[in-house]
Amino acid sequence: MTFLRGLLAGRSHLAFLVGLAGAFAAVHATSDVAEPAAGGWASSAADVRALPLRRPAPLSRRERELAETAWSYFARNTDPRTGLTSSVKGYPSTTMWDVGSQLMATLAAEDLQLVSRADALARLERALESLGSMPLCNSLPNKAYDTRTLEMVAYDNVPVPGGIGWSALDVARALVPLSLVVRRAPELAPAVERVVARWSLDRLTEGAALRGATRDADGVLHAYQEGRLGYEQYAAKALLLWGITASTALDYRAHLEPRRVGGRLVPVDDRHPRDHGGAHNAVTSEPWLLDGLEFGLDSATADLARSILAAQERRYLATRRITAVSEDAIDRKPGFAYSAVVNGDDEWTAFLPDGTRAPHDLGFSVKAALAWAVLFSGTYPDELFDAAVSVGGDADGLFAGRYDEGGEINRAVSLNTNAVVLEALAYRARGPFLRAPPSSAHLHAEAEVRQ
């Protein structure tokens, strides 16, 4: 019996809260002893001096304006019938990763007083109602849903009644805010229980690695190992909050390979795409940033994340191209690309979801730049902040970034860009979500103005 099912068997919300609090403690205990798990990876004294962790502080005027623009995406792109937000402006589809980002954005908006507590609770409750009623793919959330109808769809938003499979990474992403909702809004705990009780979370791992599934042309669901360095540790931490253990996925040592990129050592997953069916091992900013914003950087993750940021700074100093790489929506076909420090043998590269190389899509990511700027202080994080602000946005939210080649603005407006920006700014004000007090009352002090 899993941790969650054991809690649900008693049907006691108090027991549910107490048990979840214990899971929080377990995750933090894991973080406290994580340094050996990173294989002894440590930042140099010079790097720590140049890129120290930034302390929380009240938002500046510019940060407040960014938050307001980012929240406009959710105010304008959420379907009132289902409470779910479109993954990209004008595209009524979502994934569980997007749902997780949407819920995190709502919690961040409440912390930043962009919405009232009553409005935040209403938004969360409506989304939970949809999560509790949407069809499932073999007792787990499908990889994609239509935000208008809750139908299971393929990534092109065409309905697929049986579903196309599930992603352990995506489901884990949603479990982080669901655990926070229970902690911060106990009145919604029963709704969260109903949602997660429908999901067979034990199928997401066989105890060591993470397991996703896809429906092949023969119509059969085939399971596969999912996740690479950074992403799988983030997901494994999220699953641990719900009593699901993926021991190898938690271990940074299991597949960590130091790689020198532009004179800097970068942590790379040793599972090369050519040896693993083309599955990418890209080093992006995304998982390290989410880990820091939500769980808080610890003795292992701070050093690993700092090295990835330092490599991007080194590239900027060498090329004068501002660099903050991540996965992002793009304003040209096919609509999404991964920008990476390394993928396989390629450095400073971009590729499409199907693995096709797309070097012209390498981009500067607004969400990555702002998240780096709140996690670390120093000259380069400050430059990243200024560069992100310069990209701008429209009435629907912030643009995704700029293209590295030519510097044109990537005008895609997406859920994840605006959600991570909101998360980053809430972190700026209160620190990590899973470590900060559940009350936002301390944010009511008048914000300082920094130029």
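## The largest cavity

β14 (401-403) gives the largest share of the lining of the largest cavity, 3 residues. Strands here are DSSP runs of E, at least two residues long, and helices are runs of H or I, at least four, numbered from the N terminus. β9, β11 (363-365) and β14 each supply at least two lining residues. The cavity has a volume of about 70 Å³. Asp328, Ile330, Asp361, Gly363 and Asn410 are the closest to its centre, out of 13 lining residues.

A cavity is a set of points on a 1 Å grid over the protein atoms alone where a 1.4 Å probe fits but cannot get out; a pocket is an open set with protein on both sides within 12 Å along at least five of seven lines; lining residues have an atom within 4 Å of a point. Volume is the space filled by probe spheres set on the points, joined across faces, edges and corners.

## The model

This is a predicted model: local features need pLDDT of at least 70, side-chain atom pairs count only at pLDDT 80 or more, and totals for chains, interfaces and linings use all residues. Residues are numbered from 1 along each chain as its sequence is written, and side-chain values use heavy atoms, without hydrogens and water.

## The largest pocket

The largest pocket has a volume of about 1500 Å³. It is lined by 41 residues. Tyr155, Asp170, Phe336, Tyr338 and Pro353 lie nearest its centre. Elements giving two or more lining residues include α5 (96-111) and α7 (168-184).

## Helix α5

In α5, 16 of 16 residues are buried (under 20% relative accessible area, 1.4 Å probe, protein chains only). Just after α5, Gln113 takes a positive phi of about 60 degrees.

Definitions and conventions
Buried < 20%, exposed > 50% of the residue type's maximum accessible area, 1.4 Å probe, protein only.
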